[in-house]
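Here is a protein to explore together.

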Amino acid sequence: MQYQNIARRCGALLATACMAAATATAAAAPAADGAGTYPDNAMRIIVPYTPGGFNDTMARVLGKKLTEAWHQPVIVENRPGAGTVVGTEAGARAAPDGYTLVVVGFPLVVNQYIYPKLPYDTQRDFVPVLLAGQTPNVLLVRAESPIKSLPDLVARAKASPGKMNYASAGNGTSLHLAMEYFKNVTGTDMNQIPYKGSAPMVTALLGGQVDVMFDNLPNALPQIKAGKMRSLGITTAKRLPSVPDIPTVAEQGYPGFEVAVWYGLAVPRGTPTAIVEKLNAQLNKALQDEDVKSVFAAQGVQVLGGSTADFEKFFQAQDAKWAPVIKKAGIRAE
């Protein structure tokens, strides 16, 4: 009996020792969900655009915040080309370990419908991390235009189908699709005149080569304030406090009309969920910093943020909105 008691006590002590060892091992080992000590190495953010635009600015500002928080260098790598396809492919092909993020936006939705074949699958090759911000478009005419309002534009376009010209920044851009969407909801017909960016579009509108155009609010605001352009409507759901005198397109008889250029970050499919969530949490925290907010505000970009599920829901809504617009207009990559 005495020997049995001793054995039981030894067994209990052994079990306790085993439990302690297992706990210590578990604490020291990387987490099974893939987060572990992440990040413990340099990171990179691929920007599918040339330096200088807001996509590049956002990557650098948020990359700096990640460095400050995690004490790891974040390298911004500009990979422009083929309407963002080059850089986006590089992001899709990167190792799914959380050390490569890619800037994504409006073209990620659009390109899958305007390119006959992409080197990545838009729906399957990416995991959304953060919807960082967005900026609306505004509908514009030159100040001397006889078109005084949005109803006036619609009436004139309907009276002369196919006679009016509008400027765009090229096939598949948000400025092009915004007008095609506008044509759909208003039942009008206007001709696209494509240009290589906003600056030549502005020149064409002011010079009378085109009648109307959509442009991003930050690009258009200086011309509006200078009295050179008249805004007929903004593409937000509600009026913006920063430009309260500009009515929305929606409030002028076209409820639900919303168009925005948006900016986000994604990672390759297969990146551990714990890492994605850790990135999302830290980036959301960065968006609340006043210096980040000021950079966004200076560029006319509304700070968004939110969960990865919020971003996924937003992306699918964008996909459902633009696919039929692109199909109806028969848009193809230039």
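Q: Leaving aside its neighbours within four places in sequence, which residues is F315 in contact with?

A: This is a predicted model, and in it F315 is in contact with L108, V109, Q112, T122, Q123 and W262. Contact here means heavy atoms within 4.5 Å.

Q: Where is F315 placed?

A: You will find F315 in helix α11.

Q: Why is F315 called buried?

A: Buried means under 20% relative accessible area. The value for F315 is 8%, so F315 counts as buried.

Q: What separates the C-alpha atoms of F315 and L108?

A: Along the chain, F315 and L108 are 207 residues apart, yet 9.2 Å separates their C-alpha atoms. L108 is also among the contacts of F315.

Q: Where does T122 lie, and which residues does T122 touch, not counting residues up to four places away in sequence?

A: T122 lies in the loop between α4 and β4. With those sequence neighbours left out, T122 touches L108, Q112 and F315.

Q: What makes T122 buried?

A: The relative accessible area of T122 is 7%. The cut-off for buried is under 20%, so T122 is buried too.

Q: How do you know where empty space is left?

A: Rolling a probe the size of a water molecule over the atoms shows it.

Q: How much space lies in the largest pocket, and which residues lie nearest its centre?

A: The largest pocket holds about 1200 Å³ of space. Its lining is made of 43 residues, and Y49, N55, P107, A169 and T173 lie nearest the centre.

Q: Which element gives the most to the lining of the largest pocket?

A: That is α4, with 5 residues. Elements that each supply at least two residues include α2 (54-70), α6 (174-186) and β9 (260-268).

Q: How do the residues of that lining of the largest pocket divide into nonpolar, polar and charged?

A: There are 20 nonpolar, 20 polar and 3 charged residues in the lining of the largest pocket.

Q: What volume does the second largest pocket have?

A: Its volume is about 280 Å³. The second largest pocket is lined by 16 residues, and closest to its centre are Q134, T235, A237, E258 and A260.

Q: Where does the largest share of the lining of the second largest pocket come from?

A: The largest share, 4 residues, comes from α11, the helix where F315 has its place.

Technical notes: Residues are numbered from 1 along each chain as its sequence is written. This is a predicted model: local features need pLDDT of at least 70, side-chain atom pairs count only at pLDDT 80 or more; totals for chains, interfaces and linings use all residues. Side-chain values use heavy atoms; hydrogens and water are left out. On a 1 Å grid over the protein atoms alone, a cavity is a set of points where a 1.4 Å probe fits but cannot get out, and a pocket is an open set with protein on both sides within 12 Å along at least five of seven lines; lining residues have an atom within 4 Å of a point. Grid points are joined across faces, edges and corners, and a volume is the space filled by probe spheres set on the points. Ala, Val, Leu, Ile, Met, Phe, Trp, Tyr, Cys and Pro count as nonpolar, Asp, Glu, Lys and Arg as charged, and the others, Gly among them, as polar. Buried means under 20% relative accessible area, exposed over 50%, partly exposed in between (1.4 Å probe, protein chains only).
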